[in-house]
Amino acid sequence: MRFTPSRRTRRLAIGAAVVLVLGGMNAPAIWGYAAEQYHDYKINKPEYKARNGHWDVVDVPEEYRINTIHAALLHTGKVLLVAGSGNNAANFKAKSFRTVLWDPRTDTYKDIPTPKDLFCSGHTQLPDGKLLVAGGTQRYEKLDGDVDKAGGLMIVHNENPDKPMTFPAGTRFTGKANHKTFESKDAVLVPRAAKTGEGDKVKVTASTARVYVEALDKGHEYETGATDNYRVEGLSGADARNSYGIANKLSFDKKDFQGIKDAFEFDPVAERYVTVDPMHEARWYPTLTTLQDGRVLSVSGLDEIGQVVPGKNEIYDPAAKKWTYLPKERFFPTYPALFLTDKGRIFYTGSNAGYGPADKGRVPGLWDLESNDFTVVPGIGDPDILETSMSVLLPPAQLQRYMVLGGGGVGEDRRSTARTRIVDLRDENPRFHDGPDLYAKVRYPSSVILPDDTVLTTNGSGDYRGRGDSNVIAAELYDPRANSTRPVADPLVGRNYHSGALLLPDGRVMTFGSDSLFGDKDNTRPGTFQQQIDLYTPPYAFREERPEIKDTAPRTVRLGESATYRADRAKSIVKGRLIRPGSFTHVTNIEQRSIALDLTVSGDTFTVTLPKDPSLVPPGWYMLNVVDAKGTPSEAVWVKVPVAEEFSPAAAAESSANSS
């Protein structure tokens with residue numbers, strides 16, 4: 001007898017089948033939701049945070065969200081976020097330049113009037129706590145096909161030894177042979193000519209200056225194909241004879257970004273930019289490095305016509321607010337990683353970002369500024385893919401060990417590397433050796449020195465500017481003592497070009513920026529700038545007890561001197577660290593360094609003693625942290641280290657008097 005199910009059984013069977021079908025259709029969404037819920041549950045467990053740390057989003061009000069290109073920690077504890085035009089041509093055309101001052105302690109924000117387009121400038125901390133910002137953008141690039149007017153470089157000459165000549169923007173130059181007229185896009189000052197000898201042996205050598213010019217109208221009929229002399233319209237008499245232009249081909253070739261000479265000091269107390277004397281060279285993508293006497297070295301960048309500055313490097317004196325050229329030239333690609341080392345020498349790790357020939361200025365080495373000698377440091381892995389790599393002076397700075405992390409090929413090359421490379425400059429013959437690989441092959445990783453002597457590295461992308469959806473969402477901690485890494489909590493978003501990270505005084509790390517070229521894996525949609533700011537809280541902040549420095553008022557402590565502080569749990573303290581505040585842009589933060597301090601503990605106080613070497617501790621403001629036996633650091637207090645006595649004005653005056 002064949003079994004016949006009841007009507008009720010049939011209804012139940014049909015209902016179950018429908019549930020199974022619907023469940024199958026929605027399984028990915030259900031699974032995704034469940035996985036997300038579990039992930040949130042896992043990363044918020046106390047034991048997970050204590051092992052891996054934790055990420056949080058900073059809730060920035062809409063009106064203060066900018067395309068952060070540059071970030072610097074100030075001795076007020078606030079962070080200067082600089083966009084300038086923010087890699088946005090519309091902002092540049094509208095002269096909409098942004099700077100925002102953020103206070104992480106109170107989570108408050110303030111708009112800062114920005115005098116020039118400081119997009120892609122250089123910056124560094126000065127001895128008095130101001131931030132020197134130099135260079136920036138004069139003109140945006142124009143790619144092949146976008147150039148609609150013939151243009152290029154005009155070299156303007158002045159043969160008059162008695163007066164300089166100033167030509168405003170809009171000055172017109174007309175070719176003597178081609179009869180074509182071009183207009184300058186910026187003002188140009190041509191110094192007076194050089195005059196040597198006397199009587200009938202007087203020799204006058206024309207001075208020159210460069211300016212970018214464009215044809216008056218669109219069309220290929222206005223381009224030129226040969227060198228020509230150009231008369232300056234509006235001049236007469238001797239001025240017309242003494243002043244003229246010379247230009248080679250003025251064409252429709254791709255035009256690179258162009259730099260400015262302007263320089264400013266940002267005053268953290270007055271919270272405003274203060275204009276100082278401009279640099280001698282226009283620079284876009286320069287590196288600024290503070291020297292042991294408090295002066296600043298300015299190197300590389302694209303000039304006012306979009307060419308890499310050809311080795312003309314200069315020094316800023318913060319006392320005089322003026323710039324002087326170094327007597328000899330040395331070429332570097334843009335944003336080179338240049339670190340101050342012993343005896344005032346500069347170590348170039350090979351890291352750089354962006355522009356310059358592939359076969360010039362890319363070899364790591366030690367540069368003596370006085371003699372201009374350059375000693376190559378060999379052995380670096382993947383030497384042809386150092387562009388967009390990160391460089392760090394490993395803690396403590398006394399060990400003079402440097403790490404280069406990741407990197408990619410020159411320009412838009414698709415290659416990248418997971419390699420890290422380490423060199424000890426104390427070796428008799430320093431040579432790079434490979435360290436542990438990164439979490440992935442990446443360009444644009446961001447690395448931050450933490451007060452417990454580890455290094456946090458986050459993000460980056462496998463291809464140029466995240467092309468092909470190649471952002472890497474990962475982070476790790478490197479322990480220099482063990483020469484090992486371990487993964488920590490994953491960042492919240494991908495970050496590549498125009499991103500960075502800074503250590504804050506409370507021991508957290510802020511990450512900012514990212515400027516993906518495309519918004520999808522197939523590279524069909526334009527990317528959007530990542531304006532989100534995140535905070536990473538390292539594992540040490542989740543421990544039950546942290547040392548606490550009770551005396552929080554800023555102090556001035558000279559090199560070689562000691563300072564005593566009260567502390568909670570002072571007996572647990574085993575080491576002290578002096579950490580220079582970071583100043584980060586374009587995979588470059590040569591400011592950050594962590595210096596070991598001599599430390600003694602007595603009762604509820606501890607005493608730290610600073611090293612005597614000004615090349616180890618360049619003048620400026622520092623964060624003082626103490627660390628307990630478990631490796632847990634305190635929050636920082638601020639210490640000002642003035643210019644070393646041998647470099648002080650009084651010492652200079654005494655030296656001058658003795659020599660005379």
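**Strand pairing and ring contacts**

In this predicted model, strand S42, residues 555-556, pairs with S49 in the parallel sense over two bridges, and within S49 the bridge partner of Arg555 is Val639. Strand S48, residues 620-628, also pairs with S49, here in the antiparallel sense and over five bridges, with Tyr622 standing opposite Val639. Four of the five residues of S49, which runs over residues 637-641, are buried, so the strand is largely enclosed by the rest of the structure.

Let me turn to the rings. The count comes to 26 aromatic pairs, and one of them joins Tyr285 and Tyr335, a tilted pair at 4.6 Å centre to centre with 35° between the planes. Tyr285 sits in the loop between strands S21 and S22, and Tyr335 in the loop between strands S25 and S26, so that the pair links parts of the chain 50 residues apart. Both Tyr285 and Tyr335 are buried.

Because Tyr565 belongs to strand S43 and Phe606 to strand S47, the pair ties together parts that are 41 residues apart in sequence. Tyr565 counts as buried at 1% relative accessibility, and Phe606 is buried at 0%.

Finally, to return to Arg555, this residue lies over the face of Tyr565, at 3.9 Å from the ring centre.

Definitions and conventions:
Residues are numbered from 1 along each chain as its sequence is written. This is a predicted model: local features need pLDDT of at least 70, side-chain atom pairs count only at pLDDT 80 or more; totals for chains, interfaces and linings use all residues. Side-chain values use heavy atoms; hydrogens and water are left out. Buried means under 20% relative accessible area, exposed over 50%, partly exposed in between (1.4 Å probe, protein chains only). Two strands pair if DSSP finds at least two bridges between them. Rings of Phe, Tyr and Trp (its six-membered ring) pair if their centres lie within 6.5 Å; planes under 30 degrees apart count as stacked, over 60 as edge-to-face and the rest as tilted. A charge sits over a ring if NZ of Lys or CZ of Arg is within 6 Å of the ring centre and within 35 degrees of the ring normal.
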